[in-house]
Amino acid sequence: MSARPTLFSSALRVFDFSLGQMLWSRRSVFLGLLVGAPIVLAVVVRIFAIAGWLPIVNGSQVGGPALFGVLMWLLFVRFVVPVLGVFYGTSLMADEVDDKTITYLFTRPVPRASVLLGKYLAYLACVVLLLLPSIIIIFFLVVPIGGSIGQAFPQLAADLGMVAVGVAAYGAVFAFVGAWLKRPLIVGLVFAFGWEQTVLLIPGYLKRLTVAYYLQALVPHAMPQDSALSMLLGMFQDLPSVWVSLVCLAAIIAAALWLGGRAVENREYVLEQ
Amino acid sequence: MTVRTRYFVIVSLLVVGVGLGTGLMAYYVGFPTSAFLVTGGPEELRYLPSTSTVVAYADVREVMASELRQRLRESFATSAQENGQREFQELTGINIETDIDRVVASLETSGSPTTNRMGTGVVLARGRFDEVKIEGLMREHGAHVDVYKGKRLITAETPKPPTPPDSQSQIPAVPPIPQTPPTFSLTFVETGLVAVGTTALVQHVVDLHTGGGASAATNEGLMERVKAVGTGNNVWAVGRFDVLRAQANLPEAVAERLPPITWFAVSGRINGGIEALLSAEARDEVSANNLRDVVRGFLALAKLQTSAKPEYQRFVDSLQLSGTGKTVALSVDVPAQVFDALRAAMPKPPPGKE
């Protein structure tokens with residue numbers, strides 16, 4: 001009689017077949033749109049820059065590094081990363097339940113938590129492998145507009161790291177929500193676009209119960225400072241240091257995955273007939 | 001993992017790897033394609049303020065190596081000029097002839113019109129500099145070092161111009177206005193690039209270098225004109241004449257007589273001789289036509305005056321007025337022979353003074 005596989009080796013097996021499933025699923029069309037739209041936007045910006053149609057602000061053309069910062073902040077950090085976390089994270093277990101295939105996974109001689117962990121790793125690989133090239137392409141399209149690739153490179157490296165950490169944190173949180181609740185998508189959307197956006201504007205300690213609070217501290221320079229909302233944010237801003245943010249995000253990921261694993265181990269999934 | 005999944009992973013990692021590798025290379029060594037921006041002009045324009053009133057450029061290396069410079073050096077080299085260069089080298093450790101490749105300068109007319117102050121400036125020089133020696137020399141002359149955004153800012157008080165000895169007896173005593181003494185700073189923005197100028201502007205250069213943002217390179221109006229003058233010229237300057245005039249606090253009678261010029265540009269190529277072009281953009285076509293008439297009159301007068309002096313006639317003959325619409329341009333081509341003629345016309349120094 002062979003020994004029961006460990007959690008990690010089982011998770012790797014689940015990861016292996018889940019990555020292909022995730023990449024070539026219908027959801028990937030949505031992911032492709034989310035990732036492709038900013039590239040199209042960057043191409044349009046570049047064409048406008050070549051044609052000299054970029055907007056003039058205070059007598060000066062908007063610079064490429066500033067545009068890249070705005071794209072990163074408003075498009076990726078505030079929208080793409082949470083959206084991908086919600087849609088992919090909440091569906092890690094829910095898809096198997098909906099497709100009634102979860103029984104096949106749970107009847108294998110592997111820890112139940114390894115299913116969630118393997119699927120989470122597949123989500124991470126799938127999203128990171130699509131998002132990072134997209135950001136790099138946008139960087140090379142936008143930054144040369146009045147900017148220097150060499151000088152803006154540290155910003156790119158920091159942004160790539162921030163996006164990867166953000167995807168991991170949001171994915172872990174919503175993987176737990178997906179494993180714990182029966183209708184996780186609504187809860188996920190309310191958390192990402194209701195709770196997080198509102199609490200960040202309110203002074204006090206509540207903002208520490210969001211992922212965005214720690215994420216925005218990783219790359220504060222990318223936040224545009226010219227809007228009324230940014231000014232309001234700036235008034236109440238007490239960003240933690242990079243190290244505190246990294247530790248907190250790592251704690252969030254670890255806690256969410258552990259709680260998600262516990263939920264999968266203990267929950268009884270009822271397949272609707 | 002299926003084959004297409006594997007291919008996807010490989011392609012994705014390849015894009016990330018190539019992107020990061022290219023960025024890293026650009027970060028450490030820069031792209032050796034050109035020292036000039038895609039939009040025209042030297043790359044240093046990225047570090048100059050977007051509100052620059054005048055921007056100027058000189059390819060120091062090319063000018064210093066030019067045939068004309070060598071001729072002038074042989075003809076007019078004076079001990080005063082050499083002493084000046086030596087003093088600058090002793091003060092800053094920079095040998096203008098060999099250490100500097102090119103300079104880009106910016107003038108900002110931030111001064112109030114009532115103070116008659118023309119503004120502040122910054123010069124970016126690219127070349128080879130002994131950072132330790134320069135800092136040491138400046139500290140010896142009373143400068144102090146501050147750290148601004150990770151850059152060492154060597155700051156000193158701006159030297160005051162000497163006061164004529166009898167000026168105090170003629171001008172009634174006015175109580176001095178308390179003000180912060182102006183300071184100038186020097187910092188090494190990156191290896192081989194030094195910024196010297198008003199402290200606030202040097203700090204702004206550091207801001208632009210570290211964080212990017214709106215710079216002279218993103219000022220569309222300025223860049224349009226820089227692009228027009230930058231090609232093929234080793235010295236040029238572009239600026240807002242109307243802003244300079246407003247800040248100059250000229251007497252009303254003089255200001256009224258000045259032509260309504262908005263932009264001006266001076267560009268030149270120094271090699272065997274000097275080929276230069278002075279162009280001005282008037283407020284409207286009527287003003288441009290008036291300006292052309294005035295210049296035409298001056299040219300006719302100059303030709304009349306120099307008809308008996310063949311050594312200057314060639315210079316005056318080379319002056320060409322052109323331009324259409326709102327633009328007025330005056331080109332000049334000064335061959336080396338003109339300088340030879342000037343040398344011949346100069347009085348010989350008494351024996352023993354050479």
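This report covers chain B as a whole and a group of helices in chain A.

## Ground rules

This is a predicted model, where local features need pLDDT of at least 70, side-chain atom pairs count only at pLDDT 80 or more, and totals for chains, interfaces and linings use all residues. Residues are numbered from 1 along each chain as its sequence is written, while chains are lettered from A and ligands numbered from 1 in the order in which they are written.

## Chain B overall

Chain B holds 14 helices and 12 strands. These are DSSP runs numbered from the N terminus (helices: H or I, at least four residues; strands: E, at least two). Of its 354 residues, 29% are buried. Buried means that 20 or more other C-beta atoms, placed from the backbone, lie within 10 Å of the residue's own.

Contacts are pairs whose C-beta atoms, placed from the backbone, lie within 7 Å. In chain B, 66% of the contacts with a separation of 6 or more join residues 24 or more positions apart.

## Two packed helices in chain A

Helix α7 (residues 149-180) of chain A packs against helix α11 (residues 242-266) of chain A at about 25°, with the axes 8 Å apart. That angle makes α7(A) roughly parallel to α11(A) (under 35 degrees).

Residues on the α7(A) side include A:Val165, A:Phe176 and A:Trp180, and those on the α11(A) side include A:Leu249, A:Gly260 and A:Val264. The contact has 17 nonpolar residues, one polar and no charged. Nonpolar covers Ala, Val, Leu, Ile, Met, Phe, Trp, Tyr, Cys and Pro; charged covers Asp, Glu, Lys and Arg; the others, Gly among them, are polar.

## A covered helix

Helix α9 (residues 211-218) of chain A has eight of its eight residues buried. Among them are A:Tyr213, A:Tyr214 and A:Gln216. Their cover includes α3 (64-89), α7, α8 (184-199) and α11 of chain A.

Conventions:
A residue is buried if 20 or more other C-beta atoms lie within 10 Å of its own, exposed if 12 or fewer, and partly exposed in between; C-beta atoms are placed from the backbone. Two residues are in contact if their C-beta atoms, placed from the backbone, lie within 7 Å. Axes are lines fitted to C-alpha atoms, for helices over the stretch in contact, and angles run from 0 to 180 degrees between N-to-C directions. Angles under 35 degrees count as roughly parallel, over 145 as roughly antiparallel, 65 to 115 as roughly perpendicular and the rest as oblique.
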